[in-house]
Amino acid sequence: MSDSSRETGEIARKIEAILFVSTEPVKITELSSTLSVSEEVVEEVLRQIKVHYDSQHGFTLINVAGGWQMATASDLSDVIESYNSSYGYRLRLSKAAMETLAIIAYKQPITRAEIEELRGVRSDKVLETLLSSGLIRVAGRKKGTGSPLLYRTTQEFLEAFGLNSLSELPTEEELRNEGNIS
Amino acid sequence: MTVEIDHDNFYDTLTTLINLLESRKIDASHVSVSEIVKVYADYLLRSDKMSLGDVAEFLATAAALVLSKVRALFPQGIEEDEGEQDAISDKNDASTMEALYPYKVAAIFLEVLHYRRSKHYTRQTGELRPFYEVGDLYFLASLWWSLIGNASAKNQSLQQDIIDLMTEDNPEETIEARMEDIKNSLLNHKEVTLLELLSDKTGKSFVVSTIIALLELARLGIIYLKQRQQFGDIYVGLKP
């Protein structure tokens, strides 16, 4: 084994150890500064680890909320559920809440009045639900009459939907061109 | 979270508090309204002049605070919630539907994303925020039963401790034996205090058996228990 591949293998072991203990996605910048290696090297090693896991193991790496996290393989979800049904990351949101969340995700920062204008119905309770679940947060006040609160999605939103960043969402134009919805 | 109260600028401080409540940075149920009213009363007493406008502003802000607290303390109206969900398709006109269309698609897209994400399980912190809909009876019922389960498990161990105390081998520390001891003490001395009764021995089981024995003797009408001053000792004597 060459020195280079031995070094890469050592970095991979260290990254695995950090990801193993972390309960949250770990950013490449954090790994890079902790291990004193370049971000490019970290990114490359992460991809190698993922390929290795996907081919031989019951877990994988997922790229969510701007970071990397160890997770079980998606095809093994039934096994985990039958082992312990309390595991999981399931949202219990109504259609109205999901729709409001989508509006906030695309129009953020947005006020309650603007959401209600779009939806055509009162949305205070839905916002209450989304705030309680941590999927949205108050991001200041809008200048103007009444200084209404502005809402934004959170890091938990990205984690819950497996998004690395908001830019992974389809554009509004792409959404408009989708087929009819019943 | 600590909020510094500027006693010279009470209204700004109160408004800050309301803002913190609205932005969910603090839980309204933990705010003591009576304490705020007390601070306000102190502020008024210290103020040289009192404007009716300021008082009206305080009342309006305090009302908002009370409303936030009531909402935090009481369960949300389930029927209203369901009404809000049903209203989506009924009230919207064509233009609203058109504007809303991309977000309806986005909502479906998010559901698909979440479905995919839910197939991956990650390490849990143990303090994950539960995701539930306001008024979700199933979730609330599950939470309620788990709390009852935990509480009854604790009570069982507490009851077991008491049973252990009652069934100790030492006869002096059984309730009946302790009742006899107390009666004998009272025959010798007209009146004794609780401290005197407990002075012989220390230990959890002895204190518990003494108190239960006293209560039982009082219930049977054999003794009286009197406390002659607040926080004073308890006097025990035989009833005539």
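In chain A, an open sheet is formed by 3 strands in the order E3-E5-E4, with antiparallel pairing. The structure is a predicted model, in which local features need pLDDT of at least 70 and side-chain atom pairs count only at pLDDT 80 or more, whereas totals for chains, interfaces and linings use all residues. Residues are numbered from 1 along each chain as its sequence is written, and chains are lettered from A and ligands numbered from 1 in the order in which they are written. Helices (H or I, at least four residues) and strands (E, at least two) are DSSP runs numbered from the N terminus; two strands pair if DSSP finds at least two bridges between them.

Within this sheet, E4(A) pairs with strand E5 (residues 149-153) of chain A in the antiparallel sense over 4 bridges, and Val138(A) has Tyr151(A) in E5(A) as its bridge partner. The loop between helix H5 (95-107) and E3 of chain A contains Pro109(A); the peptide bond from Gln108(A) to Pro109(A) is cis, with omega near -5°.

In chain B, strands E2 (residues 223-227) and E3 (residues 234-238) pair in the antiparallel sense over 5 bridges. Gln227(B) is placed opposite Ile234(B) of E3(B). The hairpin of these strands has 6 residues between them, and Phe231(B) adopts a positive phi near 65° there.

Positive phi values also occur in chain A. Ser36(A), in the loop between helix H2 (28-35) and helix H3 (39-56) of chain A, has phi near 55°. Ala65(A), in the loop between strand E1 (59-64) and strand E2 (67-72) of chain A, has a positive phi of about 50°. Burial is assigned from the other C-beta atoms, placed from the backbone, within 10 Å of a residue's own (buried, 20 or more; exposed, 12 or fewer; partly exposed, in between). Ser36(A) is exposed, with 7 C-beta neighbours inside 10 Å, while Ala65(A) is buried, with 22 other C-beta atoms within 10 Å.

A nonpolar core is a set of buried Ala, Val, Leu, Ile, Met, Phe, Trp, Tyr and Cys residues joined through C-beta atoms within 7 Å. The largest such core has 49 residues, and those with the most contacts inside it are Ile15(A), Leu101(A), Ala102(A), Ala106(B) and Leu110(B). H5(A) supplies the largest share of this core, 8 residues. A second, separate core of 7 residues includes Leu197(B), Ala213(B), Leu217(B) and Ile223(B).
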